[in-house]
Amino acid sequence: MIPDTAPAAVTPGNPAAEAAPEESADEDFALRRPAPAEESSRASRHWWDRNADEYQDEHGAFLGDDRFVWCPEGLDEARAQLLGPTAELAGREVLEIGAGAAQCSRWLRAQGARPVALDISHRQLQHSRRIDLSRGDRPVALVQADAAVLPFADGSFDLACSAYGAVPFSADTAALMREVHRVLRPGGRWVFSVTHPIRWAFPDEPGVEGLTATASYFDRTPYVEQDEQGQASYVEHHRTLGDRVRELVAAGFTLLDLVEPEWPAELRQEWGGWSPLRGKHLPGTAVFVSERSS
């Protein structure tokens, strides 16, 4: 589920560089403050339920119905093969985490894999059903759950993947990594993409104003949008590259690769804070390729 862009204040990767809270278009306030797991999970579920229709309307053409794209830079699994050779996906049981409308799972199924698409948002999963019905396809297997508490038995899957899903919105990603490790079989790959952590030091703007660092890369305080009663409506959590590596290793994974996709010269489309200008100077996405060690 690639990041949303509307309203601009809630684009994933936006650390709300302003020192003081500001009022967004929907009259929520953006600020940096602690946001524990239960609050973050509730905010994510409600936000994606409210915004799923707009998200799919705006980005459905880019995502396709059955395309596996890792990021706004357009890195495609069919070409990158970060989960392993495409020819070897047949028969593999794959868990897609933060699946949205399950576009990636639909692509995996077309390669002969047996995917399960998990998302915290019921409305996003309804869009998966809509796509399958419109195509006359057998529905993708769907599960609504929090990625930090996976409702599966140990060793249920050969592979796990997430394209901008769940990881940035989880308050306890160390626990999330342990859960993914638990449900994978030995040797199983866990590949996920997130906004590149360096972006948290820069304003989330596609123009030249987005090229000057205004915040600390090391400030891990969550970005929160909340209403006048202090109820969080959107939460996103920052981790440094080192944090991510340590979480993976502590959970029992071996890091195989860290992919930082370059902005393609032919891609002129902007996606929130992602743009050709910024893509020339700053990485926008980090893709972690890991394997369960034991």
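A: Aspartate 204 is buried, with a relative accessible area of 12%. Buried means under 20% relative accessible area, exposed means over 50%, and partly exposed lies in between (1.4 Å probe, protein chains only). This is a predicted model, where local features need pLDDT of at least 70 and side-chain atom pairs count only at pLDDT 80 or more, while totals for chains, interfaces and linings use all residues. Residues are numbered from 1 along each chain as its sequence is written, and side-chain values use heavy atoms, leaving out hydrogens and water.

The partner of aspartate 204 is arginine 278: their side chains meet in a salt bridge, N to O at 3.7 Å. The two sit 74 residues apart, so this pair links distant parts of the chain. Aspartate 204 is in the loop between β7 (184–195) and β8 (223–226), and arginine 278 is in helix α7 (residues 276–281). Helices (H or I, at least four residues) and strands (E, at least two) are DSSP runs, numbered from the N terminus. Arginine 278 is also buried, at 0%.

A salt bridge here is a side-chain nitrogen of Lys or Arg within 4 Å of a carboxyl oxygen of Asp or Glu. Side chains of opposite charge can pair when their charged atoms come close. The whole structure holds 18 salt bridges.

Take another one. Arginine 67 and aspartate 76 pair through their side chains at 2.9 Å, N to O. Aspartate 76 is buried, with a relative accessible area of 16%. Arginine 67 is partly exposed, at 25%.

Next comes a pair inside a helix. Glutamate 247 forms a salt bridge with arginine 244, and the closest N and O atoms are 3.6 Å apart. Both residues lie in helix α6 (residues 241–251), 3 residues apart, so about one helical turn separates them. An α-helix has 3.6 residues a turn, so residues three or four places apart point the same way. Glutamate 247 and arginine 244 are both buried.

Salt bridges can also join up. Arg92, Glu93, Asp158 and Arg185 are linked in a network of them.

Now the nonpolar side. A nonpolar core is a set of buried Ala, Val, Leu, Ile, Met, Phe, Trp, Tyr and Cys residues joined through side-chain atoms within 4.5 Å. The largest core has 35 residues, and Phe68, Trp70, Leu82, Leu83 and Leu108 touch the most other members. Two or more residues of this core come from each of α1 (37–63), α3 (103–110), β6 (157–163) and β11. The largest share, 5 residues, comes from α1. Another core of 25 residues lies apart from it, with Ile97, Leu118, Val183 and Phe288 among them.

Strand β11 spans residues 285–292 and includes serine 290. Serine 290 counts as buried because its relative accessibility is 0%. A polar atom of the serine 290 side chain lies 2.8 Å from the backbone oxygen of tryptophan 190. That is a polar contact: a pair of N or O atoms within 3.5 Å, where within protein one must be able to donate a hydrogen and the other to accept it, and residues adjacent in sequence count only if both atoms are side-chain atoms. Beyond its neighbours within four places in sequence, serine 290 is in contact (heavy atoms within 4.5 Å) with residues including Gly188, Arg189, Leu248 and Phe253.
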